[in-house]
Structure formats: C-alpha cells, structure tokens
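Subject: Structure for you to look at

Hello,

Here is the structure I promised. Please open it and read my notes beside it.

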Amino acid sequence: MVQMMNIFSDFVSFQVMNFTIRVSDEELGTALQELTEKQRTAILLHFFRGMNDREISELYHVSRSTINSRRDRGLKKLQKLLSERK
C-alpha cells in the first residue's frame, strides 16, 4: 500500500509498505499521486529504493513482467503529466 503522508514545501513523502520515500521535487511528487497505486509503488521502489524487478515482484507476489509493465505504464503517464504542466 502506498500512502501519501505529508506535503511540505521541500518534499512529498510516500509510505510504501514499511518504507518512507521522500520525493524532493514537488511537481514530481504531485504527478506521482495521479498514478495508480500499483504504478506508483513500482516506480518508487525501483527509482527511490533501488530495488530491481525481482525484489519488487517477490514483495508483491506477482511476476517480474507485471512489475516491469506497471513501471513502464506509470513512467509513460508520468511523462505525459509532467509535460502537460510545462
């Protein structure tokens, strides 16, 4: 489960399982909130916790290809959201 904890002027904080992940870019943090929980989780664990697809798939009991697909779809949506704001 991903839960947004706090928004401050210097970071957005997400709770993913037992990890607290802070995103220092407010625009990125806001855009991450617009993804599905599964997409956001795959992105946060991969890019902010440095976990690979195998590690994430074992945490969530799904295939590595499922994690890869969630992350790829999330990144495409994130790119679209961020480009629309500029």
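A nonpolar core is a set of buried Ala, Val, Leu, Ile, Met, Phe, Trp, Tyr and Cys residues joined through side-chain atoms within 4.5 Å. Buried means under 20% relative accessible area (1.4 Å probe, protein chains only).

This is a predicted model: local features need pLDDT of at least 70, side-chain atom pairs count only at pLDDT 80 or more, and totals for chains, interfaces and linings use all residues. Residues are numbered from 1 along each chain as its sequence is written, and side-chain values use heavy atoms, without hydrogens and water.

The largest nonpolar core has 18 residues. Phe14, Ile21, Leu32, Leu35, Leu44, Leu45 and Leu78 touch the most other members. β2, β3, α1, α2 and α4 each supply at least two of its residues. The largest share, 4 residues, comes from α2. (Helices, H or I, at least four residues, and strands, E, at least two, are DSSP runs numbered from the N terminus.)

Now α1, residues 26-33. Its buried residues are Gly29, Ala31 and Leu32.

Finally, confidence. The average pLDDT (the predictor's confidence in each residue, from 0 to 100) is 89. 90% of the residues score at least 70. Over residues 4-8 the pLDDT is below 50. Where pLDDT is low, the predicted coordinates should not be read in detail.

Best wishes

Key. Buried < 20%, exposed > 50% of the residue type's maximum accessible area, 1.4 Å probe, protein only. Contact = heavy atoms within 4.5 Å.
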